[in-house]
Amino acid sequence: MTLLESISVIRSKSRLAYYASGNLTIYYNAEQLKKRDFCGSDFFVVLDTEKRPRKSWVVWGEQGKYPDVIVEILSDSTANIDRNNKKILYQNTFRTPNYFGFDPNTLELQGFRLIDGQYQAISPNEQGYLWSEQLGLYLGIFDRKLRYFTADGQLVPTPQEAELQQRQAKEQALLEKERERQAKEKLAAKLRELGIDPDTI
């Protein structure tokens with residue numbers, strides 16, 4: 001998932017403790033086997049926690065921590081549940097500060113911020129991006145995918161994109177260095193034609 005890939009770049013730079021996962025079951029009631037109190041979220045982030053592999057997120061085994069940000073990818077079969085049942089669960093039980101829903105077919109993006117115990121819709125900026133104060137980032141659509149954007153509107157790269165950018169920057173630096181070398185050689189040759197030793201200048 002692009003969101004999961006991108007956040008690894010963001011958080012590795014900021015060095016904040018976090019856990020992010022996609023399609024992982026969240027257990028939030030110790031009696032869940034009887035009550036079936038668990039759910040699966042498409043993507044979630046828990047801040048200020050240990051970053052390590054997990055097979056599931058067990059709230060009572062994680063110091064009572066619930067996700068700080070949840071994103072659901074809407075589909076024909078899940079949209080109604082995501083917009084209603086899960087939204088109520090995240091608002092009333094999880095108390096998750098930021099909840100987003102994204103439909104990859106229609107490109108509809110909605111976001112909610114928990115204010116006084118109730119979800120209030122997040123207003124988009126001029127680009128249509130929605131701000132997450134939990135992440136300090138915007139969520140928006142780029143190339144028909146849900147992506148992160150910085151506070152000044154720059155696309156946050158995935159690790160693959162970041163690696164490509166670094167490689168391109170290195171290649172550009174090498175090209176510039178080669179151009180400088182060739183320019184110096186050309187100047188030295190011209191000086192020699194004029195009878196001037198470039199090494200003495």
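In this predicted model, strand β2 (residues 38-47) and strand β4 pair in the antiparallel sense over 3 bridges. Within β4, I70 has F44 opposite it. Strand β1 (residues 18-27) runs antiparallel to β2, with 9 bridges between them, and L24 stands opposite S41 in β2.

The pairings just described are listed below.

| Strands | Sense | Bridges |
|---|---|---|
| β2 and β4 | antiparallel | 3 bridges |
| β1 and β2 | antiparallel | 9 bridges |

These strands belong to an open sheet of 7 strands with mixed pairing, in the order β3-β1-β2-β4-β5-β6-β7. Its edge strands, β3 (57-58) and β7 (118-121), each pair on one side only.

Strand β4 (residues 69-73) is largely enclosed by the rest of the structure, because 4 of its 5 residues are buried. Helix α4 (residues 85-94) lies across β4 and also across β1, β2, β5, β6 (109-115) and β7. The helix runs at about 55 degrees to β2.

I196 is found in the segment after α5 (159-193). Its relative accessibility is 34%, so I196 counts as partly exposed, a class that lies between 20% and 50% relative accessible area.

Notes. Residues are numbered from 1 along each chain as its sequence is written. This is a predicted model: local features need pLDDT of at least 70, side-chain atom pairs count only at pLDDT 80 or more; totals for chains, interfaces and linings use all residues. Side-chain values use heavy atoms; hydrogens and water are left out. Helices (H or I, at least four residues) and strands (E, at least two) are DSSP runs, numbered from the N terminus. Buried means under 20% relative accessible area, exposed over 50%, partly exposed in between (1.4 Å probe, protein chains only). Two strands pair if DSSP finds at least two bridges between them. Contact means heavy atoms within 4.5 Å. Axes are lines fitted to C-alpha atoms, for helices over the stretch in contact, and angles run from 0 to 180 degrees between N-to-C directions.
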